[in-house]
Amino acid sequence: MKIGIIGAGNIGGNLTRRLTALGHDVSVANSRGPHTLAELAAETGATPVTAAEAARGAEVVVVTVPLKAVPDLPSGLFAEAAPGAAVIDTGNYYPKERDGRIAAIEAGLPESRWTEQHLGHPVVKAFNGTYAQDILERPLPAGHPKRIAVPVAGDDEAAKETVRRLIDELGFDTVDAGGIDESWRQQPATPVYGLRAGAEAVAKALAEASRERPAAFTA
Ligand SMILES: NC(=O)c1ccc[n+]([C@@H]2O[C@H](COP(=O)([O-])OP(=O)(O)OC[C@H]3O[C@@H](n4cnc5c(N)ncnc54)[C@H](OP(=O)(O)O)[C@@H]3O)[C@@H](O)[C@H]2O)c1
């Protein structure tokens, strides 16, 4: 598949490594420009591009920048993406450490709903609670008893299915976590966030989530 990755940090870098290893055609962007991605490109064979170019022709686009940077992304980002492109949002809101106060999220808007409003494109929330190193170190074949499951939320069922198939290819099970209105169940500080467990435990953790945002995650 043709895949665009916007953000080349912990998560974006490791997804670039694994998706190129699987044979996908990956373009990757950061904020400082393609010339700063030469090392990652040489290591993986990915094509370094600008953020504005990353989605061009892509069937899957991964947006994996700090949440506060989402409004800075170029407008019309997905205008030239493949029709029906799936956009994966890995983002989390860390008001105290990184992102500053975002009133709409504090008032209860799911983080991914806020992100998709800024992107102007539906998103599929995935990998937001996965340790970046696990993407490299913990893939396992389907059926393995220790295979980790990743919750996946999204309103576009076809896009969600595309993302779930890709995650399976990456070596993880998935659990359908519902639509974006339900995606608070996998936000920071919920039971599933950072949980390294199989599908059954992930589904249980999603069901046990509380909408209450702990003080450490508010501003
Ligand atoms: N780290 C984890 O284990 C982990 C796990 C799950 C989810 N997440 C979430 O996933 C998101 C990304 O996390 P991360 O740890 O990968 O972040 P990170 O290591 O800080 O990397 C962020 C990347 O985004 C790029 N970026 C920032 N602003 C940009 C812009 N305006 N246009 C294009 N690229 C831009 C940065 O480029 P420059 O370096 O050029 O500025 C950098 O490549 C966050 O919301 C985080 O909470 C992280």
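This talk walks through one predicted model, from its ligand shell to its helices and a few single residues.

Two remarks on the ground rules. Residues are numbered from 1 along each chain as its sequence is written. The model is predicted, so local features need pLDDT of at least 70 and side-chain atom pairs count only at pLDDT 80 or more, while totals for chains, interfaces and linings use all residues.

Start with the ligand. There are 27 residues around the ligand, and Gly7, Gly9, Asn30, Ser31 and Ala69 come nearest. A residue is near a molecule or strand if its C-beta atom, placed from the backbone, lies within 6 Å of it. By class, the shell holds 13 nonpolar, twelve polar and two charged residues. Here nonpolar means Ala, Val, Leu, Ile, Met, Phe, Trp, Tyr, Cys and Pro; charged means Asp, Glu, Lys and Arg; the others, Gly among them, are polar. Which helix gives the most to that shell? Helix H1, residues 10-21, with three residues. Helices (H or I, at least four residues) and strands (E, at least two) are DSSP runs, numbered from the N terminus.

Next, the record. An unreviewed UniProt entry carries the annotation "domain: Pyrroline-5-carboxylate reductase catalytic N-terminal" over residues 2-93. UniProt positions are given in the numbering used here, feature names are shortened, and annotations may be inferred rather than shown by experiment. Over residues 2-93 the chain is 25% helix and 22% strand, with the end C-alpha atoms 28 Å apart.

Now the core. The largest nonpolar core has 58 residues, and Ile6 and Val61 have the most contacts inside it. Such a core is a set of buried Ala, Val, Leu, Ile, Met, Phe, Trp, Tyr and Cys residues joined through C-beta atoms within 7 Å. Buried means that 20 or more other C-beta atoms lie within 10 Å of the residue's own; exposed means 12 or fewer, partly exposed is in between, and C-beta atoms are placed from the backbone. Leaving aside neighbours within four places in sequence, the contacts of Val61 include Gly4, Ile6, Phe78 and Val87. Two residues are in contact if their C-beta atoms, placed from the backbone, lie within 7 Å.

Back to H1. Its twelve residues reach 17 Å from first C-alpha to last, close to the 16 Å expected at 1.5 Å a residue. The expected span of a helix is 1.5 Å times one less than its number of residues. Buried residues of H1 include Ile11, Leu15 and Leu19. An α-helix has 3.6 residues a turn, so residues three or four places apart point the same way. The buried residues of H1 pack against strand E1 (2-6), strand E2 (25-29), helix H2 (38-44), E4 and H7. Just after H1, Gly23 takes a positive phi of about 100°.

Ile11 is buried, with 22 other C-beta atoms within 10 Å. Not counting residues up to four places away in sequence, Ile11 touches Thr64, Thr90, Phe127 and Ala132.

Most residues other than glycine have a negative phi, and most peptide bonds are trans. Phe127 has a positive phi of about 70° although it is not a glycine. Phe127 is found in the loop between E6 and helix H7 (132-137). Buried or exposed? Phe127 is buried, with 26 other C-beta atoms within 10 Å. Ala189 also has a positive phi, about 80°, and is not a glycine. Ala189 lies in the loop between E8 and helix H9 (199-207), and it is partly exposed, with 16 other C-beta atoms within 10 Å.

In helix H6, residues 111-119, seven of the nine residues are buried, among them Trp114 and Leu119. The buried residues of H6 pack against E4, E5, helix H5 (103-106), E6 and E7. Just after H6, Gly120 has a positive phi of about 70°.

Helix H8, residues 157-170, has 14 residues, which at 1.5 Å a residue should span 20 Å; its end C-alpha atoms are 20 Å apart, so the two agree. Buried residues of H8 include Val163, Leu166 and Ile167. Their cover includes strand E4 (60-63), strand E5 (86-89) and strand E7 (149-154). H8 is followed by Gly171, whose phi is positive, near 105°.

Last, Gln133 in helix H7. Gln133 is exposed, with 10 other C-beta atoms within 10 Å.
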